Amino acid sequence: MNDSGLVDVALFAPLAAPLTYRVPPVWRDVAILGCRVVVPLGRRLVVGIVLGPSENSQLTSARIKPIAEVLDDVPLLPSWLLEFLRWAAQYYMTPLGEMLRAAIPPVLQAKERQRYELTVEGKAALEAQSAALRRPEQDVTEVEHRILAIVDK
């Protein structure tokens, strides 16, 4: 990374060029070439690969959005593979982010995380199943009980 703390990131999206992001001090040592990062894009958070220090010297760090999270402890893609994928993206006239996404396993391409929580009614139904005295409206099927127990963990 350069002294400005700016890096170029190829997003897993059909964008024509990489975007520049600021690396917060907490991520300075781990936001390195080839690592996946989570960055803001509009109102969403998206995943991309760090391509290295920003080449755009006209940008000021104050106006650039910061990296939200670094997903890898070590680079996911080595520098030689990044160079090959840059060449391939240019040769096949494909956005670099799309080429990078195709190069990594699908399980590492997760776009969003889902989180499940029991509602008040779900907790009551789960507790009612183990109670000795319960009302008929609190009964759930065996499948529903298993699902509630899994979500409650």
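I started at the hairpin of strand 3 and strand 4. Two residues lie between these strands, and Gly42 takes a positive phi near 65 degrees there. Strands here are DSSP runs (E, at least two residues), and helices are H or I runs of at least four, numbered from the N terminus.

I noted the source: this is a predicted model, where local features need pLDDT of at least 70, side-chain atom pairs count only at pLDDT 80 or more, and totals for chains, interfaces and linings use all residues. Residues are numbered from 1 along each chain as its sequence is written, and side-chain values use heavy atoms, without hydrogens and water.

Next I looked up pairing, which takes at least two DSSP bridges between two strands. Strand 3 (residues 36-41) runs antiparallel to strand 4, with six bridges. Val39 stands opposite Val46 in strand 4. Strand 1 (residues 6-11) is also antiparallel to strand 4, joined by five bridges. Here Val9 has Val50 as its bridge partner.

Then I checked strand 3 against strand 5. Two bridges pair them, again antiparallel. Val38 has Glu69 of strand 5 as its bridge partner.

What is the order of the five strands in the open sheet? I read 2-1-4-3-5, with antiparallel pairing. Strand 2 (19-22) and strand 5 (69-70) are at the edges with a single partner strand each, so one side of each has no neighbour in the sheet.

Why is strand 4 largely enclosed? Seven of the 10 residues of strand 4 (residues 44-53) are buried, so the rest of the structure largely encloses this strand. Buried means under 20% relative accessible area, with a 1.4 Å probe and protein chains only.

Notes
Buried < 20%, exposed > 50% of the residue type's maximum accessible area, 1.4 Å probe, protein only.
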